[in-house]
Amino acid sequence: APAVEPFPVTLVEGEYMPVLEFDAAAADKARGEALYKARCTGCHGSDAAGQVLPKATLGQAGIYPRLAGQPAAYLFRQLTSFAEGTRDSTEMQPMASALSAAERGDVAVYLAQLEAPLPTPQAIEKDLRDLGYDVAVNGRPERGVNRCDGCHGENGLGVAPHFPALIAQNRGYLIGQFEAWREGKRRNSLLELMLPVVHGLEEREMWAIAAYYETVRP
């Protein structure tokens, strides 16, 4: 197979989502809790640990990500992305756009302080885990793929304020996000950092990373 060249990224002002102004100290955590409990628990769970639920149409599984403990600025960015259309989701767009910017901040700050327990990890084949770990800590620089833990932290614990935790995140959800970036359905990566990654990874590497972060524990 031909060698994969690093994916070119050109940052042109106005064509990528900038860092958003966000003041966590101004948020109303109690209002965020009320909003989350009223609108979000049905999909993401009462403790925001995420869950997999059957959808009403075609029996398709709906994978709802873990939100508890994610950096508040990151969560605010994602809600704003759904509301403004830089991240596609038929489910999340109406939910996020129904919130004001202040309310999105309230929900983000509430979720950031939640501490949902980590689930017992599923079994994973050793060769797949080893491959996922190797990409996570070494990357594939010859293909423009930076190491994952450079942004997401050791064991995928996340690096505030802008980089989310990947630990215990559902592998199917992570694969879906890789594909969304590849297909241009998610256009909110900070400084386009995810584009070289998703275009430089081989399919098995992508699955290995997703499985590794779903099962890794501190």
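This is a predicted model: local features need pLDDT of at least 70, side-chain atom pairs count only at pLDDT 80 or more; totals for chains, interfaces and linings use all residues.

Colleague: Which residues have the most contacts inside the largest nonpolar core?

Modeller: A nonpolar core is a set of buried nonpolar residues joined through side-chain atoms within 4.5 Å. Here the largest one has 29 residues, and those with the most contacts inside it are L174, F178, M194, L201, I209 and Y213. Helices α6 (126-138), α8, α9 and α10 (203-215) each supply at least two of its residues. The largest share, 7 residues, comes from α10. Another core, of 20 residues, lies apart from it and includes A72, L79, L111 and L114.

Colleague: Which residues does F178 touch, not counting those up to four places away in sequence?

Modeller: On that count, F178 touches M194, V198, M206 and I209.

Colleague: Why is α10 described as largely enclosed by the rest of the structure?

Modeller: A residue is called buried when its relative accessible area is under 20%. In α10, 10 of the 13 residues are buried, so this helix is largely enclosed. Among the buried residues are M206, I209 and Y213. The buried residues of α10 pack against α6, α7 (149-152), α8 and α9. From its first C-alpha to its last, α10 reaches 19 Å, close to the 18 Å expected.

Colleague: Which residues make the nonpolar surface patch of about 380 Å²?

Modeller: That patch is made by F7, V9, L11, L191 and L193. L193 is found in the loop between α8 (171-182) and α9 (194-200). With a relative accessible area of 35%, L193 is partly exposed.

Technical notes:
Residues are numbered from 1 along each chain as its sequence is written. Side-chain values use heavy atoms; hydrogens and water are left out. Patches are made of residues with over 30% relative accessible area and no salt bridge: like charges are joined within 9 Å, nonpolar side chains (Val, Leu, Ile, Met, Phe, Trp, Tyr) within 5 Å. Accessible areas come from the Shrake-Rupley method with a 1.4 Å probe; for residues, only the protein chains shown count as cover. A salt bridge is a side-chain nitrogen of Lys or Arg within 4 Å of a carboxyl oxygen of Asp or Glu. Helices (H or I, at least four residues) and strands (E, at least two) are DSSP runs, numbered from the N terminus. Buried means under 20% relative accessible area, exposed over 50%, partly exposed in between (1.4 Å probe, protein chains only). Contact means heavy atoms within 4.5 Å. The expected span of a helix is 1.5 Å times one less than its number of residues.
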